[in-house]
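Reader: Please take me through one part closely: the open sheets, and then the side-chain contacts around them. Give the cut-offs as you go.

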Amino acid sequence: MKVIHELCDICGTCVAVCPVDAISVSEFIVEIDNNICTNCLNCLKVCPAKAIEEGE
Amino acid sequence: MIKDRYDVVVIGAGPAGSVAARYAAENGASVLMLERDREPGIPVRCAEGVSHNGIAPFIDIDKRWIASQIDIAMLTSPNGESALMHNNGIGYVLERRIFDTALCELAAKHGAQLVTKANALDLIKENDKIIGVKYRYMGKTREVKCDIVIAADGTESRVGRWAGIKTAVALRDIDTCVQYTLAGLDIKKDTCEFYFGNEVSPGGYIWIFPKSDSTANVGIGISGHLSHEKGPREYLDKFVAQKFPNATITYTVYGGVPTAATLEEIVKDNIMLVGDAARQVNPITGGGVVQGMIAASIAGKVAAEAIKKGRFDAKFLKKYRKEWDKTLGNTQKIMHSMKEKFLFMTDERFNNLVNFCKKIPSDKFSLKALFTEAVKGDPKLMLDVAKSFVVSKIKLK
């Protein structure tokens, strides 16, 4: 999965629904570790800013 | 100066974090709070509505952090009918930015120490035992040792995960939210408005929380399992274009609100989870400030007691869990099953519900009456509602 940083508000809603702890969030950036990600699409579905898309 | 060791390290300085820090410090523990952002309370990801009775036990009411006082709640059904509720007690719309800082100041007054721009990176473990926190501060990775970690790191919590706790919530148990602060409105400063309906806000609601007679937080939360095709912003934009076509958006913020029951596990050896991180949010209203503070006050006291007794094991810390369940945790569980009911309510049912509300004189109105009507025809839930209103009395020392 890929974060579109231009749209991302760093709210962390994606982290709450990630079943495998693939997403990290700091003050400035949300990052998805595609080595851990299982492509369940939970993050994409709930992102209120529509800032996540498929792909690496 | 930041020391290398504290009795308790609290991660996150929102209302839950600072209340936990305050109660731990007040009862004799040395406490460090780590806050990721440059100041507590920002960015504000909150509709900012609270009840007077909810916050009064924790802090003296100060007009510096109150934008408006709320006396009336207005519920609007899908067909546009509205019902007014008058007698739910005083509410406030807060200035969270100032409120959160005030709570931190209170924690500091009781001896807790705060560091901002300190981003927790991981838990430090020794033979699987949590012995501290690794964090990033001023361009350097640092370590602080402690006996107890209190994780108050919000919806986006990862600290619990680092401790091996399952914190992920199901899509239907998270509300995906957008909020605008709007200016140039002509509204009633003392009235909070709520709009329901599957076309308006599927599985959630739209709120208008006035901050003055011309400004308001106007936001939406929709259920995570219904947000794939159309996101919350599309619903909110439609609403705002109809209702406030000439408003100016002065602030836009996104966020997620857990609407689950409290996590199965909120305590492990050397760690406790509080607030949004523990999913201690009212699953029907989405309100988390007061619930988080109540939980945190219990956790803070238990932490201090644990330090005094030298007991940091889960068995001892479970006192927090027990006390929480007795205070609000069990009620939250009931609210969660009621939320399921709301989640699949038809527009017709919403219309009937508001119609029912309209028939009750507004000064006789109560949430209990509303919920009882909402779950009519489901005897088990009706009993649960009755129970939930008996047990939700909160005692604080």
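Author: In chain B, seven strands make an open sheet with mixed pairing, in the order β6-β5-β13-β14-β15-β12-β16.

The model is predicted: local features need pLDDT of at least 70, side-chain atom pairs count only at pLDDT 80 or more, and totals for chains, interfaces and linings use all residues; side-chain values use heavy atoms, without hydrogens or water. Residues are numbered from 1 along each chain as its sequence is written, while chains are lettered from A and ligands numbered from 1 in the order in which they are written.

Some terms for the sheets. Helices (H or I, at least four residues) and strands (E, at least two) are DSSP runs, numbered from the N terminus. Two strands pair if DSSP finds at least two bridges between them. Axes are lines fitted to C-alpha atoms, for helices over the stretch in contact; angles run from 0 to 180 degrees between N-to-C directions.

Strand β5 (residues 72–76) of chain B pairs with β6(B) in the antiparallel sense, over four bridges. Met74(B) has Leu84(B) as its bridge partner in β6(B).

Now the helix. α5(B) lies across β12 (174–183), β13, β14, β15 and β16 of chain B. Contact here means heavy atoms within 4.5 Å. The helix α5(B) runs at about 30° to β12(B).

Glu193(B) and Lys243(B) form it, with the closest N and O atoms 3.9 Å apart. The term means a side-chain nitrogen of Lys or Arg within 4 Å of a carboxyl oxygen of Asp or Glu. Glu193(B) lies in strand β13 (residues 191–195) and Lys243(B) in helix α5 (residues 232–243), so the pair ties together parts that are 50 residues apart in sequence. Glu193(B) counts as buried at 12% relative accessibility. Lys243(B) counts as partly exposed at 36%. Buried means under 20% relative accessible area, exposed over 50%, partly exposed in between (1.4 Å probe, protein chains only).

Next, the aromatics. A pair of aromatic rings is described by the distance of the centres and the angle of the planes. Rings of Phe, Tyr and Trp (its six-membered ring) pair if their centres lie within 6.5 Å; planes under 30 degrees apart count as stacked, over 60 as edge-to-face and the rest as tilted. By this rule there are eight aromatic pairs over all chains. Tyr23(B) and Phe58(B) form an edge-to-face pair, 6.5 Å centre to centre, with 80° between the planes. Tyr23(B) is in helix α1 (residues 15–26) and Phe58(B) in the loop between α2 (52–55) and β4, 35 residues apart. Tyr23(B) and Phe58(B) are both buried. Phe196(B) and Tyr205(B) form a tilted pair, 5.8 Å centre to centre, with 50° between the planes. Phe196(B) counts as buried at 19% relative accessibility. So does Tyr205(B), at 15%. Phe196(B) and Tyr205(B) also belong to one aromatic cluster with Phe194(B), Trp207(B), Phe209(B) and Phe350(B).

Arg22(B) lies over the face of Tyr23(B), at 4.7 Å from the ring centre. The charged end of Lys230(B) is over the ring of Tyr235(B), 4.5 Å from its centre. The rule asks for NZ of Lys or CZ of Arg within 6 Å of the ring centre and within 35 degrees of the ring normal.

There is also an open sheet of three strands. Its order is β3-β7-β4 (chain B), with antiparallel pairing. β3 and β4 (66–70) of chain B stand at the edges with a single partner strand each, so one side of each is left without a neighbour in the sheet. The twist averages 30° from one strand to the next. β4(B) pairs with β7 (residues 91–94) of chain B over four bridges. Ser68(B) has Val93(B) as its bridge partner in β7(B).

Back to charged pairs. Over all chains the structure holds 24 salt bridges. One of them joins Lys211(B) and Glu48(B), the closest N and O atoms being 2.5 Å apart. Lys211(B) is in the loop between β14 (205–210) and β15 (216–223), and Glu48(B) in the loop between β2 (31–34) and β3 (49–51), 163 residues apart. Both Lys211(B) and Glu48(B) are buried. A network of salt bridges links Glu27(A), Arg38(B) and Lys117(B).
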